[in-house]
There are 2 protein chains.
Amino acid sequence: MPRVVNEEENALKRAEILDAAQSLIYVKGYEQMSIQDILDELQISKGAFYHYYDSKPSLLEALIDRMLEQVMRLVLPIIQDPHEPALSKIQKFFTSVGTWKTARKDFLMGFVRSWYSDKNALLRQKMTARMLHVSGPWLAAIVRQGIDEGVFDTPYPDQIGAVTFGMVQSLGELIGDWALAPQPAPVQAKRIVDTIAAYNHVLERLLGAPSGSIVMMQPDVIEAWFGISAKDPPGESNVAESTGESQRGV
Amino acid sequence: MPRVVNEEENALKRAEILDAAQSLIYVKGYEQMSIQDILDELQISKGAFYHYYDSKPSLLEALIDRMLEQVMRLVLPIIQDPHEPALSKIQKFFTSVGTWKTARKDFLMGFVRSWYSDKNALLRQKMTARMLHVSGPWLAAIVRQGIDEGVFDTPYPDQIGAVTFGMVQSLGELIGDWALAPQPAPVQAKRIVDTIAAYNHVLERLLGAPSGSIVMMQPDVIEAWFGISAKDPPGESNVAESTGESQRGV
DNA sequence: GTAAAACAAACCGACGGTCGGTTTTTCAAC
DNA sequence: GTTGAAAAACCGACCGTCGGTTTGTTTTAC
(Lines give C-alpha, C1' and ligand atoms only; values in the text may rest on other atoms or scores of the structure.)
Protein backbone atom coordinates (compact mmCIF):
# COMPACT_ATOMS: atom_id res chain seq x y z
CA MET A 1 0.00 0.00 0.00
CA PRO A 2 1.65 3.27 -1.13
CA ARG A 3 2.10 6.21 1.16
CA VAL A 4 -0.67 8.71 0.66
CA VAL A 5 0.09 12.39 0.32
CA ASN A 6 -3.23 13.99 -0.27
CA GLU A 7 -5.40 11.93 2.03
CA GLU A 8 -8.59 13.66 1.08
CA GLU A 9 -8.38 13.34 -2.68
CA ASN A 10 -7.19 9.78 -2.33
CA ALA A 11 -10.23 8.83 -0.27
CA LEU A 12 -12.47 10.58 -2.78
CA LYS A 13 -11.03 8.63 -5.67
CA ARG A 14 -11.30 5.38 -3.77
CA ALA A 15 -14.93 6.17 -3.03
CA GLU A 16 -15.53 6.99 -6.67
CA ILE A 17 -14.19 3.61 -7.71
CA LEU A 18 -16.26 1.99 -4.97
CA ASP A 19 -19.38 3.73 -6.23
CA ALA A 20 -18.84 2.39 -9.72
CA ALA A 21 -18.09 -1.08 -8.39
CA GLN A 22 -21.18 -1.04 -6.20
CA SER A 23 -23.57 -0.17 -8.99
CA LEU A 24 -21.90 -2.68 -11.29
CA ILE A 25 -22.12 -5.41 -8.66
CA TYR A 26 -25.72 -4.45 -8.11
CA VAL A 27 -26.42 -5.11 -11.79
CA LYS A 28 -23.99 -7.85 -12.79
CA GLY A 29 -22.88 -9.42 -9.55
CA TYR A 30 -19.39 -9.45 -8.05
CA GLU A 31 -17.84 -12.34 -9.97
CA GLN A 32 -19.44 -11.28 -13.23
CA MET A 33 -18.19 -7.72 -12.91
CA SER A 34 -14.77 -7.33 -14.50
CA ILE A 35 -12.18 -4.77 -13.54
CA GLN A 36 -12.43 -3.59 -17.12
CA ASP A 37 -16.09 -2.71 -16.49
CA ILE A 38 -14.98 -0.31 -13.79
CA LEU A 39 -12.25 1.14 -15.99
CA ASP A 40 -14.74 1.75 -18.80
CA GLU A 41 -17.25 3.30 -16.44
CA LEU A 42 -14.76 5.74 -14.93
CA GLN A 43 -12.54 6.15 -18.00
CA ILE A 44 -9.43 5.33 -16.05
CA SER A 45 -6.58 2.94 -16.72
CA LYS A 46 -5.80 -0.36 -15.15
CA GLY A 47 -2.77 1.18 -13.52
CA ALA A 48 -4.98 3.75 -11.85
CA PHE A 49 -7.29 1.12 -10.43
CA TYR A 50 -4.52 -1.03 -9.06
CA HIS A 51 -2.99 2.06 -7.56
CA TYR A 52 -6.03 2.45 -5.30
CA TYR A 53 -6.92 -1.18 -4.70
CA ASP A 54 -4.65 -4.18 -4.38
CA SER A 55 -6.97 -6.68 -5.96
CA LYS A 56 -10.55 -7.45 -6.80
CA PRO A 57 -11.19 -9.21 -3.48
CA SER A 58 -9.78 -6.24 -1.56
CA LEU A 59 -12.23 -4.05 -3.46
CA LEU A 60 -15.04 -6.28 -2.22
CA GLU A 61 -13.79 -6.02 1.34
CA ALA A 62 -13.75 -2.25 1.07
CA LEU A 63 -17.29 -2.28 -0.26
CA ILE A 64 -18.48 -4.47 2.61
CA ASP A 65 -16.77 -2.20 5.11
CA ARG A 66 -18.55 0.79 3.65
CA MET A 67 -21.94 -0.91 3.52
CA LEU A 68 -21.58 -2.06 7.12
CA GLU A 69 -20.59 1.44 8.13
CA GLN A 70 -23.68 2.87 6.43
CA VAL A 71 -25.99 0.38 8.12
CA MET A 72 -24.42 1.02 11.49
CA ARG A 73 -24.72 4.77 11.09
CA LEU A 74 -28.43 4.15 10.67
CA VAL A 75 -28.89 1.68 13.48
CA LEU A 76 -26.48 2.81 16.18
CA PRO A 77 -28.37 5.93 17.34
CA ILE A 78 -31.48 3.83 17.85
CA ILE A 79 -29.82 0.95 19.61
CA GLN A 80 -27.60 2.98 21.89
CA ASP A 81 -30.22 5.49 23.03
CA PRO A 82 -30.35 5.00 26.83
CA HIS A 83 -33.84 6.47 27.14
CA GLU A 84 -35.50 4.25 24.55
CA PRO A 85 -37.48 1.23 25.85
CA ALA A 86 -36.27 -2.16 24.61
CA LEU A 87 -39.47 -2.94 22.76
CA SER A 88 -39.27 0.34 20.92
CA LYS A 89 -35.62 -0.30 20.08
CA ILE A 90 -36.40 -3.69 18.58
CA GLN A 91 -39.23 -2.12 16.66
CA LYS A 92 -37.17 0.70 15.27
CA PHE A 93 -34.29 -1.63 14.52
CA PHE A 94 -36.44 -3.78 12.27
CA THR A 95 -38.13 -0.81 10.71
CA SER A 96 -34.93 1.01 9.84
CA VAL A 97 -32.96 -2.02 8.67
CA GLY A 98 -35.91 -3.54 6.86
CA THR A 99 -36.86 -0.51 4.88
CA TRP A 100 -33.83 1.70 4.96
CA LYS A 101 -36.04 4.58 6.00
CA THR A 102 -37.80 5.70 2.87
CA ALA A 103 -36.80 4.32 -0.48
CA ARG A 104 -38.47 3.97 -3.84
CA LYS A 105 -40.34 0.70 -4.18
CA ASP A 106 -38.80 -0.24 -7.51
CA PHE A 107 -35.33 0.49 -6.20
CA LEU A 108 -35.94 -1.57 -3.08
CA MET A 109 -37.35 -4.52 -5.00
CA GLY A 110 -34.48 -4.30 -7.43
CA PHE A 111 -32.06 -4.29 -4.55
CA VAL A 112 -33.73 -7.26 -2.87
CA ARG A 113 -33.67 -9.17 -6.13
CA SER A 114 -29.99 -8.45 -6.60
CA TRP A 115 -29.07 -9.03 -2.95
CA TYR A 116 -30.65 -12.46 -2.70
CA SER A 117 -29.76 -13.68 -6.18
CA ASP A 118 -27.06 -16.26 -6.76
CA LYS A 119 -24.84 -13.72 -8.45
CA ASN A 120 -24.11 -12.03 -5.14
CA ALA A 121 -23.92 -15.04 -2.84
CA LEU A 122 -20.41 -14.16 -1.69
CA LEU A 123 -21.18 -10.52 -0.94
CA ARG A 124 -24.27 -11.47 1.01
CA GLN A 125 -22.51 -14.18 2.98
CA LYS A 126 -19.65 -11.88 3.92
CA MET A 127 -21.96 -9.02 4.83
CA THR A 128 -24.22 -11.27 6.88
CA ALA A 129 -21.32 -12.68 8.85
CA ARG A 130 -20.05 -9.21 9.61
CA MET A 131 -23.46 -7.96 10.67
CA LEU A 132 -23.98 -10.96 12.92
CA HIS A 133 -20.73 -10.21 14.69
CA VAL A 134 -21.49 -6.56 15.34
CA SER A 135 -25.21 -6.81 16.00
CA GLY A 136 -25.16 -9.93 18.19
CA PRO A 137 -23.86 -8.24 21.35
CA TRP A 138 -26.11 -5.21 20.89
CA LEU A 139 -29.19 -7.29 20.38
CA ALA A 140 -28.29 -9.24 23.51
CA ALA A 141 -28.01 -5.98 25.43
CA ILE A 142 -31.46 -4.92 24.25
CA VAL A 143 -32.89 -8.28 25.27
CA ARG A 144 -31.43 -7.91 28.75
CA GLN A 145 -32.81 -4.39 28.94
CA GLY A 146 -36.19 -5.77 27.94
CA ILE A 147 -36.05 -8.37 30.67
CA ASP A 148 -35.29 -5.62 33.20
CA GLU A 149 -38.23 -3.64 31.89
CA GLY A 150 -40.46 -6.68 32.21
CA VAL A 151 -41.44 -6.88 28.53
CA PHE A 152 -39.20 -9.79 27.54
CA ASP A 153 -38.87 -13.15 29.19
CA THR A 154 -36.20 -15.64 28.17
CA PRO A 155 -33.64 -17.76 30.01
CA TYR A 156 -31.11 -17.15 27.24
CA PRO A 157 -30.67 -13.38 26.95
CA ASP A 158 -27.10 -13.65 25.62
CA GLN A 159 -27.89 -16.12 22.89
CA ILE A 160 -31.24 -14.75 21.83
CA GLY A 161 -29.65 -11.84 19.96
CA ALA A 162 -27.99 -14.12 17.45
CA VAL A 163 -31.15 -16.19 17.15
CA THR A 164 -33.18 -13.07 16.48
CA PHE A 165 -30.73 -11.99 13.82
CA GLY A 166 -31.00 -15.41 12.24
CA MET A 167 -34.77 -15.10 12.17
CA VAL A 168 -34.70 -11.72 10.49
CA GLN A 169 -32.27 -13.02 7.94
CA SER A 170 -34.42 -16.06 7.36
CA LEU A 171 -37.42 -13.86 6.65
CA GLY A 172 -35.32 -11.77 4.31
CA GLU A 173 -34.28 -14.87 2.40
CA LEU A 174 -37.87 -15.99 2.03
CA ILE A 175 -38.92 -12.61 0.72
CA GLY A 176 -35.87 -12.53 -1.54
CA ASP A 177 -36.82 -15.95 -2.84
CA TRP A 178 -40.29 -14.75 -3.70
CA ALA A 179 -38.95 -11.61 -5.30
CA LEU A 180 -36.75 -13.77 -7.51
CA ALA A 181 -39.46 -16.19 -8.55
CA PRO A 182 -42.63 -14.12 -8.75
CA GLN A 183 -45.89 -15.97 -8.26
CA PRO A 184 -49.40 -14.95 -9.32
CA ALA A 185 -50.38 -11.89 -7.31
CA PRO A 186 -53.19 -13.39 -5.17
CA VAL A 187 -51.11 -16.36 -4.03
CA GLN A 188 -48.17 -14.07 -3.43
CA ALA A 189 -50.12 -11.55 -1.40
CA LYS A 190 -51.66 -13.99 1.04
CA ARG A 191 -48.40 -15.86 1.51
CA ILE A 192 -46.43 -12.73 2.25
CA VAL A 193 -48.92 -11.34 4.73
CA ASP A 194 -49.26 -14.68 6.52
CA THR A 195 -45.53 -15.27 6.66
CA ILE A 196 -44.76 -11.86 8.07
CA ALA A 197 -47.49 -12.37 10.66
CA ALA A 198 -45.96 -15.74 11.52
CA TYR A 199 -42.54 -14.20 11.98
CA ASN A 200 -43.97 -11.51 14.23
CA HIS A 201 -45.63 -14.16 16.33
CA VAL A 202 -42.55 -16.37 16.49
CA LEU A 203 -40.37 -13.45 17.42
CA GLU A 204 -42.70 -12.59 20.27
CA ARG A 205 -42.63 -16.16 21.46
CA LEU A 206 -38.88 -16.50 21.40
CA LEU A 207 -38.40 -13.19 23.17
CA GLY A 208 -41.25 -13.93 25.55
CA ALA A 209 -42.84 -10.63 24.56
CA PRO A 210 -46.55 -9.80 24.88
CA SER A 211 -48.72 -10.87 21.98
CA GLY A 212 -48.95 -8.22 19.31
CA SER A 213 -46.05 -6.20 20.70
CA ILE A 214 -43.66 -6.85 17.83
CA VAL A 215 -44.30 -5.84 14.25
CA MET A 216 -41.26 -6.51 12.07
CA MET A 217 -42.86 -4.98 9.04
CA GLN A 218 -45.47 -2.30 9.37
CA PRO A 219 -48.61 -2.65 7.24
CA ASP A 220 -47.71 0.47 5.30
CA VAL A 221 -44.33 -1.03 4.46
CA ILE A 222 -45.92 -4.24 3.26
CA GLU A 223 -48.34 -2.15 1.25
CA ALA A 224 -45.47 -0.16 -0.26
CA TRP A 225 -43.31 -3.18 -0.98
CA PHE A 226 -45.81 -5.62 -2.29
CA GLY A 227 -48.79 -3.47 -3.17
CA ILE A 228 -51.09 -5.46 -0.92
CA SER A 229 -52.86 -4.71 2.33
CA ALA A 230 -51.99 -6.62 5.48
CA LYS A 231 -55.18 -6.77 7.40
CA ASP A 232 -56.46 -10.28 6.66
CA PRO A 233 -56.43 -12.83 9.50
CA PRO A 234 -53.90 -15.68 9.21
CA GLY A 235 -56.44 -18.07 7.68
CA GLU A 236 -56.07 -21.76 8.39
CA SER A 237 -56.69 -23.21 4.94
CA ASN A 238 -54.58 -20.98 2.81
CA VAL A 239 -52.66 -22.05 -0.26
CA ALA A 240 -51.08 -24.73 1.93
CA GLU A 241 -47.56 -23.49 1.26
CA SER A 242 -47.63 -24.94 -2.24
CA THR A 243 -44.20 -24.19 -3.56
CA GLY A 244 -45.13 -25.10 -7.08
CA GLU A 245 -44.52 -28.81 -6.96
CA SER A 246 -44.83 -30.31 -3.51
CA GLN A 247 -43.64 -33.68 -4.70
CA ARG A 248 -41.08 -34.60 -7.24
CA GLY A 249 -38.27 -37.08 -7.81
CA VAL A 250 -35.92 -34.66 -6.17
CA MET B 1 -26.90 -32.48 -24.73
CA PRO B 2 -25.78 -35.47 -26.87
CA ARG B 3 -27.89 -38.55 -27.27
CA VAL B 4 -26.74 -41.32 -24.96
CA VAL B 5 -26.22 -44.84 -26.21
CA ASN B 6 -24.92 -46.71 -23.21
CA GLU B 7 -26.97 -45.10 -20.47
CA GLU B 8 -25.28 -46.99 -17.66
CA GLU B 9 -21.65 -46.30 -18.54
CA ASN B 10 -22.53 -42.71 -19.30
CA ALA B 11 -24.06 -42.21 -15.88
CA LEU B 12 -21.04 -43.87 -14.30
CA LYS B 13 -18.64 -41.51 -16.05
CA ARG B 14 -20.75 -38.51 -15.11
CA ALA B 15 -20.71 -39.65 -11.51
CA GLU B 16 -16.96 -40.14 -11.68
CA ILE B 17 -16.49 -36.56 -12.85
CA LEU B 18 -18.91 -35.38 -10.19
CA ASP B 19 -16.92 -37.23 -7.51
CA ALA B 20 -13.73 -35.50 -8.57
CA ALA B 21 -15.46 -32.14 -8.72
CA GLN B 22 -17.03 -32.64 -5.30
CA SER B 23 -13.76 -33.40 -3.57
CA LEU B 24 -12.03 -30.55 -5.39
CA ILE B 25 -14.79 -28.14 -4.42
CA TYR B 26 -14.54 -29.42 -0.87
CA VAL B 27 -10.87 -28.45 -0.80
CA LYS B 28 -10.59 -25.43 -3.10
CA GLY B 29 -14.11 -24.12 -3.45
CA TYR B 30 -16.24 -23.95 -6.58
CA GLU B 31 -14.91 -20.78 -8.16
CA GLN B 32 -11.32 -21.63 -7.31
CA MET B 33 -11.58 -25.09 -8.81
CA SER B 34 -10.68 -25.05 -12.49
CA ILE B 35 -11.91 -27.48 -15.10
CA GLN B 36 -8.25 -28.32 -15.64
CA ASP B 37 -8.08 -29.53 -12.03
CA ILE B 38 -10.73 -32.11 -12.84
CA LEU B 39 -8.99 -33.11 -16.06
CA ASP B 40 -5.71 -33.62 -14.22
CA GLU B 41 -7.39 -35.60 -11.47
CA LEU B 42 -9.13 -38.00 -13.84
CA GLN B 43 -6.53 -37.91 -16.62
CA ILE B 44 -9.10 -37.06 -19.23
CA SER B 45 -9.20 -34.43 -21.94
CA LYS B 46 -11.18 -31.25 -22.14
CA GLY B 47 -13.23 -32.74 -24.92
CA ALA B 48 -14.21 -35.61 -22.65
CA PHE B 49 -15.35 -33.32 -19.90
CA TYR B 50 -17.42 -31.12 -22.15
CA HIS B 51 -18.91 -34.24 -23.66
CA TYR B 52 -20.48 -35.08 -20.30
CA TYR B 53 -21.21 -31.60 -18.97
CA ASP B 54 -22.22 -28.50 -20.84
CA SER B 55 -20.47 -26.01 -18.63
CA LYS B 56 -19.02 -25.41 -15.20
CA PRO B 57 -22.31 -24.04 -13.81
CA SER B 58 -24.19 -27.09 -15.11
CA LEU B 59 -21.66 -29.24 -13.27
CA LEU B 60 -22.51 -27.37 -10.09
CA GLU B 61 -26.22 -27.89 -10.67
CA ALA B 62 -25.65 -31.60 -11.12
CA LEU B 63 -23.68 -31.69 -7.89
CA ILE B 64 -26.42 -29.90 -6.00
CA ASP B 65 -29.02 -32.27 -7.42
CA ARG B 66 -27.00 -35.23 -6.22
CA MET B 67 -26.37 -33.77 -2.77
CA LEU B 68 -30.05 -32.98 -2.36
CA GLU B 69 -30.93 -36.49 -3.47
CA GLN B 70 -28.57 -37.97 -0.89
CA VAL B 71 -30.00 -35.85 1.91
CA MET B 72 -33.55 -36.70 0.91
CA ARG B 73 -32.79 -40.41 0.77
CA LEU B 74 -31.74 -40.05 4.38
CA VAL B 75 -34.60 -37.89 5.57
CA LEU B 76 -37.61 -39.09 3.57
CA PRO B 77 -38.16 -42.43 5.33
CA ILE B 78 -38.22 -40.65 8.66
CA ILE B 79 -40.49 -37.82 7.62
CA GLN B 80 -42.98 -39.88 5.66
CA ASP B 81 -43.41 -42.68 8.19
CA PRO B 82 -47.14 -42.54 9.04
CA HIS B 83 -46.69 -44.34 12.36
CA GLU B 84 -44.01 -42.02 13.74
CA PRO B 85 -45.19 -39.31 16.18
CA ALA B 86 -44.45 -35.73 15.09
CA LEU B 87 -42.12 -35.04 17.98
CA SER B 88 -40.10 -38.11 17.16
CA LYS B 89 -39.97 -37.09 13.49
CA ILE B 90 -38.64 -33.66 14.34
CA GLN B 91 -36.11 -35.26 16.63
CA LYS B 92 -34.90 -37.79 14.08
CA PHE B 93 -34.87 -35.14 11.35
CA PHE B 94 -32.44 -32.98 13.28
CA THR B 95 -30.37 -35.92 14.37
CA SER B 96 -29.95 -37.36 10.90
CA VAL B 97 -29.42 -34.09 9.07
CA GLY B 98 -27.25 -32.66 11.80
CA THR B 99 -24.86 -35.53 12.10
CA TRP B 100 -25.31 -37.49 8.92
CA LYS B 101 -25.74 -40.63 10.98
CA THR B 102 -22.24 -41.57 12.02
CA ALA B 103 -19.28 -39.78 10.55
CA ARG B 104 -15.70 -39.25 11.62
CA LYS B 105 -15.28 -36.12 13.70
CA ASP B 106 -12.38 -34.73 11.68
CA PHE B 107 -14.25 -35.31 8.44
CA LEU B 108 -17.35 -33.61 9.79
CA MET B 109 -15.44 -30.62 11.12
CA GLY B 110 -13.57 -30.35 7.84
CA PHE B 111 -16.85 -30.46 6.00
CA VAL B 112 -18.40 -27.79 8.22
CA ARG B 113 -15.38 -25.57 7.75
CA SER B 114 -15.55 -25.95 4.00
CA TRP B 115 -19.33 -25.66 3.81
CA TYR B 116 -19.55 -22.40 5.71
CA SER B 117 -16.41 -20.78 4.33
CA ASP B 118 -16.57 -17.94 1.81
CA LYS B 119 -15.14 -20.14 -0.91
CA ASN B 120 -18.39 -22.07 -1.19
CA ALA B 121 -20.90 -19.29 -0.66
CA LEU B 122 -22.61 -19.99 -3.97
CA LEU B 123 -22.91 -23.74 -3.44
CA ARG B 124 -24.32 -23.25 0.05
CA GLN B 125 -26.80 -20.60 -1.06
CA LYS B 126 -28.08 -22.75 -3.92
CA MET B 127 -28.29 -25.85 -1.76
CA THR B 128 -30.05 -24.00 1.04
CA ALA B 129 -32.64 -22.55 -1.31
CA ARG B 130 -33.35 -25.97 -2.75
CA MET B 131 -33.64 -27.58 0.67
CA LEU B 132 -35.98 -24.86 1.87
CA HIS B 133 -38.27 -25.53 -1.05
CA VAL B 134 -38.46 -29.27 -0.57
CA SER B 135 -38.43 -29.39 3.23
CA GLY B 136 -40.84 -26.50 3.84
CA PRO B 137 -44.04 -28.39 2.96
CA TRP B 138 -42.91 -31.52 4.79
CA LEU B 139 -42.01 -29.66 7.93
CA ALA B 140 -45.39 -27.93 7.77
CA ALA B 141 -47.07 -31.34 7.54
CA ILE B 142 -45.19 -32.54 10.60
CA VAL B 143 -46.19 -29.43 12.50
CA ARG B 144 -49.85 -30.01 11.64
CA GLN B 145 -49.51 -33.63 12.69
CA GLY B 146 -48.00 -32.45 15.97
CA ILE B 147 -50.91 -30.11 16.55
CA ASP B 148 -53.31 -33.00 15.98
CA GLU B 149 -51.34 -35.09 18.45
CA GLY B 150 -51.48 -32.30 20.98
CA VAL B 151 -47.72 -31.82 21.32
CA PHE B 152 -47.39 -28.66 19.21
CA ASP B 153 -49.33 -25.45 19.49
CA THR B 154 -49.01 -22.67 16.95
CA PRO B 155 -51.46 -20.55 14.98
CA TYR B 156 -49.15 -20.68 11.95
CA PRO B 157 -48.65 -24.36 11.09
CA ASP B 158 -48.03 -23.68 7.40
CA GLN B 159 -45.43 -21.02 7.93
CA ILE B 160 -43.64 -22.53 10.88
CA GLY B 161 -41.87 -25.12 8.73
CA ALA B 162 -39.93 -22.49 6.86
CA VAL B 163 -39.21 -20.66 10.10
CA THR B 164 -37.91 -23.85 11.67
CA PHE B 165 -35.67 -24.46 8.70
CA GLY B 166 -34.37 -20.92 9.03
CA MET B 167 -33.55 -21.53 12.66
CA VAL B 168 -31.66 -24.73 11.96
CA GLN B 169 -29.72 -22.98 9.25
CA SER B 170 -28.99 -20.08 11.55
CA LEU B 171 -27.55 -22.44 14.15
CA GLY B 172 -25.49 -24.11 11.47
CA GLU B 173 -24.07 -20.76 10.42
CA LEU B 174 -23.14 -19.91 13.97
CA ILE B 175 -21.38 -23.21 14.44
CA GLY B 176 -19.74 -22.83 11.05
CA ASP B 177 -18.55 -19.40 12.07
CA TRP B 178 -16.97 -20.78 15.19
CA ALA B 179 -15.41 -23.65 13.29
CA LEU B 180 -13.83 -21.11 10.94
CA ALA B 181 -12.49 -18.84 13.68
CA PRO B 182 -11.54 -21.15 16.54
CA GLN B 183 -11.57 -19.65 19.99
CA PRO B 184 -9.81 -20.83 23.16
CA ALA B 185 -11.35 -24.15 24.19
CA PRO B 186 -13.04 -23.09 27.45
CA VAL B 187 -14.78 -20.08 25.91
CA GLN B 188 -15.74 -22.18 22.92
CA ALA B 189 -17.19 -25.04 24.94
CA LYS B 190 -19.48 -22.96 27.10
CA ARG B 191 -20.67 -20.88 24.18
CA ILE B 192 -21.52 -23.91 22.09
CA VAL B 193 -23.40 -25.71 24.83
CA ASP B 194 -25.33 -22.60 25.81
CA THR B 195 -26.20 -21.73 22.25
CA ILE B 196 -27.48 -25.18 21.41
CA ALA B 197 -29.54 -25.13 24.60
CA ALA B 198 -30.92 -21.75 23.57
CA TYR B 199 -31.87 -23.04 20.15
CA ASN B 200 -33.62 -26.06 21.69
CA HIS B 201 -35.56 -23.74 23.93
CA VAL B 202 -36.45 -21.32 21.16
CA LEU B 203 -37.57 -24.15 18.93
CA GLU B 204 -39.85 -25.46 21.66
CA ARG B 205 -41.30 -22.02 22.12
CA LEU B 206 -41.99 -21.39 18.47
CA LEU B 207 -43.54 -24.81 18.00
CA GLY B 208 -45.40 -24.53 21.27
CA ALA B 209 -43.85 -27.83 22.33
CA PRO B 210 -43.45 -29.00 25.95
CA SER B 211 -40.29 -27.82 27.68
CA GLY B 212 -37.41 -30.23 27.18
CA SER B 213 -39.14 -32.11 24.39
CA ILE B 214 -36.82 -31.01 21.60
CA VAL B 215 -33.11 -31.71 21.50
CA MET B 216 -31.57 -30.60 18.22
CA MET B 217 -28.19 -31.96 19.11
CA GLN B 218 -27.81 -34.87 21.47
CA PRO B 219 -25.17 -34.57 24.21
CA ASP B 220 -23.19 -37.42 22.68
CA VAL B 221 -23.12 -35.58 19.35
CA ILE B 222 -21.91 -32.40 21.01
CA GLU B 223 -19.32 -34.49 22.81
CA ALA B 224 -18.22 -36.08 19.55
CA TRP B 225 -18.18 -32.87 17.58
CA PHE B 226 -16.61 -30.50 20.03
CA GLY B 227 -15.04 -32.78 22.58
CA ILE B 228 -16.96 -31.23 25.43
CA SER B 229 -19.77 -32.41 27.64
CA ALA B 230 -23.16 -30.73 27.56
CA LYS B 231 -24.43 -31.04 31.07
CA ASP B 232 -23.83 -27.57 32.54
CA PRO B 233 -26.86 -25.38 33.19
CA PRO B 234 -27.26 -22.31 30.95
CA GLY B 235 -25.53 -20.03 33.43
CA GLU B 236 -26.56 -16.41 33.56
CA SER B 237 -23.19 -14.71 33.69
CA ASN B 238 -21.30 -16.53 31.00
CA VAL B 239 -18.73 -15.01 28.69
CA ALA B 240 -21.36 -12.44 27.73
CA GLU B 241 -21.26 -13.27 24.05
CA SER B 242 -17.92 -11.57 23.65
CA THR B 243 -17.22 -11.91 19.96
CA GLY B 244 -13.66 -10.79 20.36
CA GLU B 245 -14.08 -7.05 20.07
CA SER B 246 -17.50 -5.84 21.13
CA GLN B 247 -16.76 -2.29 20.09
CA ARG B 248 -14.86 -0.92 17.18
CA GLY B 249 -14.95 1.84 14.65
CA VAL B 250 -17.81 0.40 12.67
C1' DG C 1 -19.89 -49.80 -43.51
C1' DT C 2 -21.42 -45.94 -41.52
C1' DA C 3 -23.26 -42.90 -38.29
C1' DA C 4 -23.08 -41.40 -33.88
C1' DA C 5 -20.80 -41.40 -29.52
C1' DA C 6 -16.53 -40.79 -27.09
C1' DC C 7 -12.63 -38.69 -26.70
C1' DA C 8 -8.31 -35.67 -27.84
C1' DA C 9 -6.07 -31.29 -28.09
C1' DA C 10 -5.16 -26.99 -30.45
C1' DC C 11 -7.17 -22.83 -30.13
C1' DC C 12 -9.95 -18.48 -28.65
C1' DG C 13 -11.29 -14.29 -26.17
C1' DA C 14 -11.65 -12.52 -21.64
C1' DC C 15 -10.15 -12.34 -17.21
C1' DG C 16 -7.20 -10.61 -12.99
C1' DG C 17 -2.97 -8.96 -12.27
C1' DT C 18 2.02 -7.13 -13.31
C1' DC C 19 5.43 -4.10 -14.96
C1' DG C 20 8.18 -0.61 -17.10
C1' DG C 21 7.44 3.73 -18.25
C1' DT C 22 5.30 8.62 -18.32
C1' DT C 23 2.96 12.52 -16.30
C1' DT C 24 1.65 15.21 -12.40
C1' DT C 25 2.08 16.76 -7.76
C1' DT C 26 4.53 17.89 -3.69
C1' DC C 27 7.91 20.23 -1.15
C1' DA C 28 12.30 21.85 0.11
C1' DA C 29 16.35 24.62 -1.43
C1' DC C 30 17.56 28.75 -3.44
C1' DG D 1 8.93 32.63 -7.69
C1' DT D 2 11.89 29.16 -9.77
C1' DT D 3 13.80 24.93 -9.84
C1' DG D 4 14.65 20.10 -9.25
C1' DA D 5 14.12 15.76 -7.64
C1' DA D 6 11.37 12.34 -5.29
C1' DA D 7 7.08 10.42 -4.79
C1' DA D 8 2.43 9.81 -6.16
C1' DA D 9 -0.74 9.20 -9.85
C1' DC D 10 -1.54 7.19 -13.86
C1' DC D 11 -0.99 4.65 -18.40
C1' DG D 12 -1.37 0.58 -21.34
C1' DA D 13 1.16 -3.36 -23.26
C1' DC D 14 1.85 -7.68 -21.65
C1' DC D 15 1.44 -12.33 -19.02
C1' DG D 16 -0.54 -16.68 -17.43
C1' DT D 17 -4.82 -18.87 -16.66
C1' DC D 18 -9.46 -19.41 -17.09
C1' DG D 19 -13.99 -21.40 -19.24
C1' DG D 20 -15.38 -22.71 -23.44
C1' DT D 21 -15.21 -23.87 -28.73
C1' DT D 22 -13.75 -26.19 -32.67
C1' DT D 23 -11.77 -29.38 -35.46
C1' DG D 24 -10.31 -33.73 -35.84
C1' DT D 25 -9.61 -38.71 -34.54
C1' DT D 26 -10.90 -43.15 -32.45
C1' DT D 27 -14.28 -46.27 -30.71
C1' DT D 28 -18.73 -48.36 -30.49
C1' DA D 29 -23.32 -49.90 -31.98
C1' DC D 30 -26.28 -51.77 -35.37
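Start by selecting helix 1 (residues 7-28) and helix 2 (residues 35-42) of chain A: their axes come within 10 Å and cross at roughly 120°. Axes are lines fitted to C-alpha atoms, for helices over the stretch in contact, with angles from 0 to 180 degrees between N-to-C directions. Helix 1 of chain A is therefore oblique to helix 2 of chain A (under 35 degrees is roughly parallel, over 145 roughly antiparallel, 65 to 115 roughly perpendicular, the rest oblique). Helices here are DSSP runs (H or I, at least four residues), numbered from the N terminus.

This is a predicted model, where local features need pLDDT of at least 70, side-chain atom pairs count only at pLDDT 80 or more, and totals for chains, interfaces and linings use all residues. Residues are numbered from 1 along each chain as its sequence is written, chains are lettered from A and ligands numbered from 1 in the order in which they are written, and side-chain values use heavy atoms, leaving out hydrogens and water.

Next, go to helix 8 (residues 157-180) and helix 9 (residues 185-207) of chain A, whose axes come within 11 Å and cross at roughly 175°. Helix 8 and helix 9 of chain A are therefore roughly antiparallel to each other. Show the side chains in contact (heavy atoms within 4.5 Å): among them are Leu171(A) and Trp178(A) in helix 8, and Ile192(A) and Tyr199(A) in helix 9.

Finally, select helix 6 (residues 105-116) of chain B, which has twelve residues and reaches 16 Å from its first C-alpha to its last. Its buried residues (under 20% relative accessible area, 1.4 Å probe, protein chains only) include Phe111(B) and Trp115(B).

Terms used. Helix = DSSP H or I, 4+ residues; strand = E, 2+ residues; numbered from the N terminus. Expected span 1.5 Å × (residues − 1). Buried < 20%, exposed > 50% of the residue type's maximum accessible area, 1.4 Å probe, protein only.
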